Amino acid sequence: MSGITMLPAGRLWDVVIIPEVLGLPVAGVLEDLPLLRPGPVLWDAQRHQVGFFVPPGTTAHCLCTGGRCAGEGAWVTAPAPHHRWGPLRWLVAPDGAGTLNRPEVLADTLHRVAGRPVLHLSEGPPCC
């Protein structure tokens, strides 16, 4: 598969990774929110997971129930920015301006779609 690269997390962004059964509906809700441009959302159909790109440092202060976080020291496999086909593709491509998903909006949307808290954010020391 061409156009695939490994990108280091933790410098320009972190990634909250959740199962696609929850991630796909959440991505749809985020795209439909008025007055809010969603950040990049990556779908890995082979691993059945969706990754939401959030500001760097976010995953050092969160706990994702049923998912995982990729922050400093982690690497993420990603396709070219406008790659929208194949098993690894962008549901929301990077916009070139650095727009990222807002952690509090992502946490609230995950809660609403799942019917329970999924992403827990804290202001204290790292928790994941």
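Which side chain does glutamate 104 meet in a salt bridge? The side chain of arginine 102, with N to O at 3.0 Å. The model is predicted, and the points below should be read with that in mind.

1. **Glutamate 104 and arginine 102.** Glutamate 104 has a relative accessible area of 41%. Arginine 102 has 44%.

2. **Salt bridges overall.** The whole structure holds 4 salt bridges. In general, side chains of opposite charge can pair when their charged atoms come close. Two further pairs are taken up next.

3. **Aspartate 44 and arginine 47.** These side chains also meet in a salt bridge, at 3.0 Å from N to O. Aspartate 44 is buried, at 11% relative accessible area. Arginine 47 is exposed, at 56%.

4. **Arginine 112 and aspartate 108.** Here the closest N and O atoms of the salt bridge are 2.8 Å apart. Both residues belong to helix 2, residues 103–114. They are 4 residues apart, about one turn of the helix. Arginine 112 counts as exposed, with 66% relative accessibility. Aspartate 108 counts as partly exposed, with 37%.

5. **Strands 3 and 8.** Strand 3 covers residues 41–44 and runs antiparallel to strand 8. The two are joined by 4 bridges. Within this pairing, leucine 42 stands opposite tryptophan 90 of strand 8. Is strand 8 mostly covered or mostly open? Mostly covered: 4 of its 5 residues, in the run 88–92, are buried.

6. **Threonine 99.** This residue lies in the loop between strand 8 and helix 2. Which side chains make polar contacts with the side chain of threonine 99? One is that of arginine 37, at 3.2 Å. Another is that of aspartate 95, at 2.4 Å.

7. Set aside the neighbours within four places in sequence. Threonine 99 is then in contact with Arg37, Pro38, Gly39 and Pro40.

Notes:
Residues numbered from 1 in each chain as written. Predicted model: local features only at pLDDT ≥ 70, side-chain atom pairs only at ≥ 80, totals over all residues. Heavy atoms only, no water. Buried < 20%, exposed > 50% of the residue type's maximum accessible area, 1.4 Å probe, protein only. Pairing = 2+ DSSP bridges. Polar contact = N/O pair within 3.5 Å; in protein donor to acceptor, adjacent residues only side chain to side chain. Contact = heavy atoms within 4.5 Å.
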